[in-house]
Amino acid sequence: MALPGSPDRTAGRRPRRHDPGRRIRILDAALDVLVERGMAGMTHRHVAARADVPLGSVTYHFAGLAELQAQAFARFVELRTAVFERLFDDVGTREEFVEVLVDLVHASPARQRSAVLGFELHLAALRDPGLRVLAEAWTRSSQEVLARFVGAEAAARLDALLEGMIMHALLATGPRSREAARAAIDPAVELPGPDGFPRTRGEHHVR
């Protein structure tokens, strides 16, 4: 409260907003900036503007740009890992499994965003040992999901095929055929045993 006759320095000042989700919002904004500008074009100012927070909020939560990038990538991997696992929840036949993989190549805009972030992470990981550990763990978790259906060895080959096809799809200057993608993926889906996929939905074949 201002003393009588003294200027009220709180007049017109915006109250400090309680914003417990600010740190996560900054990380999500950092991911958006990574998609739009890449690692080289990312700055604290761009992230602050995208998150609609003061610049000081970004530097308060993250010691430097490298820490912000690393934690943003860690959040991306955590979210993407959960999404990837859910894609296969209702897969009960080989045909359904192949169709999910074709969808990964012919991605929606949301999945295209994830693909761009994935390749940004792998590029950054070439020069950052910490990010390399993160990228390797993400690859391992993805292959473990695929291995429930086709076994570990086939899952590693299938994962490599999918990454290459997704990159080609991102770089394509024109539309690509789902039939061509299916023709490439289908022969790579090798069933680990004579029984093939389980007949009951949601029951994954575990090798």
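Trainee: Which residues line the second largest pocket?
Mentor: This is a predicted model, and its second largest pocket holds about 200 Å³ of space. The lining divides into six nonpolar, one polar and four charged residues. By name, the residues that line this pocket are Asp28, Leu31, Phe76, Leu79, Arg80, Val83, Ala110, Arg111, Arg113, Ser114 and Leu117.

Trainee: Which element gives the most to the lining of the second largest pocket?
Mentor: Three helices each supply at least two residues of that lining, namely α1 (22–37), α4 and α6. With five residues, the element that gives the most is α6.

Trainee: How many cavities of 30 Å³ or more does the count give?
Mentor: A cavity is a space where a 1.4 Å probe fits but cannot get out, whereas a pocket is open. By this rule, and with 30 Å³ or more required, the count is one cavity.

Trainee: What is the volume of the largest cavity, and which residues are the closest to its centre?
Mentor: The volume of the largest cavity is about 390 Å³. Its lining comprises 18 residues, and the closest to the centre are Arg80, Phe84, Trp138, Glu163 and Ile166.

Trainee: Which element gives the most to the lining of the largest cavity?
Mentor: The elements that give two or more residues to this lining are α4 (65–87), α6 (109–125), α7 (129–150) and α8 (152–171). By class, the lining has nine nonpolar, five polar and four charged residues. The element that gives the most, with six residues, is α6.

Trainee: At what angle do α5 and α8 pack, and how far apart are their axes?
Mentor: Two packed helices are described by the angle between their axes and by the distance between those axes. For helix α5 (residues 94–105) and α8, the angle is about 35° and the axes are 8 Å apart.

Trainee: How do the residues of the contact of α5 with α8 divide by class?
Mentor: From α5, the residues Phe97, Leu101, Leu104 and Val105 take part. They meet Leu158, Leu162, Met165, Ile166 and Ala169 in α8. By class, the residues of this contact are nine nonpolar, no polar and no charged.

Trainee: Is serine 142 buried or exposed?
Mentor: Serine 142 is found in helix α7. Leaving aside neighbours within four places in sequence, serine 142 is in contact with Phe84 and Asp159. The cut-off for a buried residue is under 20% relative accessible area. Because its relative accessibility is 11%, serine 142 counts as buried.

Trainee: How far apart in space are arginine 140 and alanine 156?
Mentor: Arginine 140 also belongs to helix α7, and at 46% relative accessibility it counts as partly exposed. In sequence, arginine 140 and alanine 156 are 16 residues apart. Taken C-alpha to C-alpha, their separation in space is 8.7 Å.

Trainee: What is phi of aspartate 52?
Mentor: Aspartate 52 is found in the loop between α2 (44–51) and α3 (55–61), and it is exposed, with a relative accessible area of 62%. Most residues other than glycine have a negative phi. In aspartate 52, a residue other than glycine, phi has a positive value, near 60°.

Trainee: How many helices and how many strands does the protein chain have?
Mentor: Read along the sequence, the pattern of the chain is α-α-α-α-α-α-α-α-α. The totals are therefore, with a run of at least four residues required for a helix and at least two for a strand, nine helices and zero strands.

How values were computed. Residues are numbered from 1 along each chain as its sequence is written. This is a predicted model: local features need pLDDT of at least 70, side-chain atom pairs count only at pLDDT 80 or more; totals for chains, interfaces and linings use all residues. Side-chain values use heavy atoms; hydrogens and water are left out. On a 1 Å grid over the protein atoms alone, a cavity is a set of points where a 1.4 Å probe fits but cannot get out, and a pocket is an open set with protein on both sides within 12 Å along at least five of seven lines; lining residues have an atom within 4 Å of a point. Grid points are joined across faces, edges and corners, and a volume is the space filled by probe spheres set on the points. Ala, Val, Leu, Ile, Met, Phe, Trp, Tyr, Cys and Pro count as nonpolar, Asp, Glu, Lys and Arg as charged, and the others, Gly among them, as polar. Axes are lines fitted to C-alpha atoms, for helices over the stretch in contact, and angles run from 0 to 180 degrees between N-to-C directions. Contact means heavy atoms within 4.5 Å. Buried means under 20% relative accessible area, exposed over 50%, partly exposed in between (1.4 Å probe, protein chains only).
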